[in-house]
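Open your viewer and get ready to click along. We will go from stop to stop, selecting a few residues each time.

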Amino acid sequence: MYPKVKVKLKGIEENTRIVCEKCKNYGIDVTGVTKAFCADENIAEALISGGVRAFGDSRVLNLKKLNTFNMEKWLIRIPMESEISDVIKYADVSLNSEIKTIRLLNVEAEKQDKIHKVVLMVDLGDLREGYFNEDDLINDVDKILQFNRIDLIGIGTNLTCYGGIIPTAENLRRLVLLKERIENSFNIELNVVSGGNSSSYTLIENGTMIDGISNLRLGEVILLGRETSYGLYIDGLHQRNFILQAQIVELKEKPSYPIGEIGMDAFGNKPEFVDKGVMKRGILAVGKQDIDIEGLTPIDSQVKILGGSSDHLLVDLTNTNAIYKLGDVISFEMDYSALLKAMTSEYVFKEII
Ligand SMILES: *Cc1c(COP(=O)(O)O)cnc(C)c1O
C-alpha cells in the first residue's frame, strides 16, 4: 500500500552505534530522541542496540508508548500544567524552566510516590526555552533543593532551533561554568550537562567539543546522518534510512503554464509559472497532509517536483531516462520536517525493513 515510508533499521542502528561511540570518547552519553518517528517501538529498539543511554521525546504520549522499555525516559519539551500527572507517570526526567511547574511536579510525584529528575534549561542565546538570567536560575535552584520529590540532576541547553544559534566551545563553556557555579554555591553535584541536539554533534565531528558536557539529545544525526549546524551529511553515516514512496495516479502531457486568469492556489497563495512548453506530468497520491513538499528530494534526480496540494504531488517527468507508467512508484529522500510529518500521518504506511 502507498504512500509509504520504508524504514531501514540496520542503517539506523549502525548510525546510533557510530554516533554513541564518538560521543563516548568525549565522556558524553546520548539521549536518543524519538519524536521524529513517533516513538515507533521497532526503531526505538534499534536505538537501544546502537547504545543510547536514554530516550527523549517532546510528547508524553510517545513516552507512554515507550513505557515497556526498561530505559530512562526524558520529556524534552517543557511540561504543560495540564499534563503533570502523566509526566510523573511516564517520564523519569523532564527539561524545565519554570519554578511553578516544578512545584507542581513535586506535588504530583509525592502523590504517585515517585522521585522525578529535573534538568534546568539555560538559554544561551537561541531564544527558545530556558533561563536567560543566571541569577534567576540560581534563585530557583535554591527553591528546587527544598522539594523532596525532585532530584535536580543537571542543566542543559538547546540551540539552533529558533534563533539558529550555532553551538560553539564558547557558548557551551558558559553552560559548564554555570554548572560549576551551582555546584559550588549549594555544595551539590550535578551529573548532567546536556549540551544540545544534533547541531552540537558538529563539535564532536570536528573535534572541538569541550570538557564538561556529559550528554547530548540526538535525533536527526542518528536518523538522517546529518548534523544540523550547517546541514552537512556526515561521512560514514547512512543517509537513506527513511524513503518515502508514492504512486502515480495520473500521467499526462499537459502545458506547463495554466490556462485562464490566475487567482489563488489551494492554500491561498498566488502562484507563478514559467512556460516551458508541453510537459509529461505525473500526479502522485500524497500531499501536504502527509509530507512537507519542500523537504522531499526525488531519488531519481531527473524527476522534478512541480508542487502540490493537500493530497496531490505534481512531478515533471519530461526529462527522465527511466520510463514511468501509470501505477509506478516514485521514491524520495526526506528532510527532518518531511520525515516528522510522514511518520505522524496515519495516511502514510510504514514498512520496517
Ligand atoms: C527535538 C529536540 C532534540 C533533538 O533534536 P535533533 O535535531 O533531532 O537532534 C533535542 N532537544 C530538544 C529540546 C528537542 O526539542
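Predicted model: local features only at pLDDT ≥ 70, side-chain atom pairs only at ≥ 80, totals over all residues.

Residues are numbered from 1 along each chain as its sequence is written, and side-chain values use heavy atoms, with hydrogens and water left out.

**Stop 1: the start.** Select Tyr2 and Pro3, which are joined by a cis peptide bond with omega of about -5 degrees. Most peptide bonds are trans. Pro3 sits in the segment before strand E1 (4-7). Helices (H or I, at least four residues) and strands (E, at least two) are DSSP runs, numbered from the N terminus.

**Stop 2: H1 and H2.** Now select residues 9-24, helix H1, and residues 41-50, helix H2: they pack at an angle of about 35 degrees, with axes 7 Å apart. Axes are lines fitted to C-alpha atoms, for helices over the stretch in contact, and angles run from 0 to 180 degrees between N-to-C directions. Which residues make the contact (heavy atoms within 4.5 Å)? Among them are Leu9, Ile12 and Cys20 of H1, along with Ile43, Ala46 and Leu47 of H2. The contact residues of H1 with H2 divide into six nonpolar, four polar and two charged.

**Stop 3: H5 and H6.** Move to helix H5 (residues 99-111) and helix H6 (residues 134-144), which pack at about 15 degrees with their axes 11 Å apart. That angle makes H5 roughly parallel to H6 (under 35 degrees). Show Ile99, Ile102 and Arg103 in H5, and you will find them meeting Asp140, Lys143 and Ile144 in H6. The residues of this contact comprise three nonpolar, no polar and three charged.

**Stop 4: a loop.** Click on Leu127, which lies in the loop between strand E6 (116-122) and H6. Leu127 is not a glycine, yet its phi is positive, about 65 degrees. Most residues other than glycine have a negative phi.

**Stop 5: the ligand.** How many residues surround the ligand, with a heavy atom within 4 Å of it? There are 13, and the closest are Lys35, Ser198, Arg217, Gly219 and Glu220. Zoom in on Ser198: one of its polar side-chain atoms lies 2.5 Å from an oxygen atom of the ligand. At Glu220, a backbone N or O atom lies 2.8 Å from a ligand oxygen atom. Finish at Arg128, where a side-chain N or O atom is 3.4 Å from an oxygen atom of the ligand.

Definitions and conventions. Parallel < 35°, antiparallel > 145°, perpendicular 65-115°, else oblique. Contact = heavy atoms within 4.5 Å. Nonpolar A, V, L, I, M, F, W, Y, C, P; charged D, E, K, R; others polar. Near = heavy atom within 4 Å. Polar contact = N/O pair within 3.5 Å; in protein donor to acceptor, adjacent residues only side chain to side chain.
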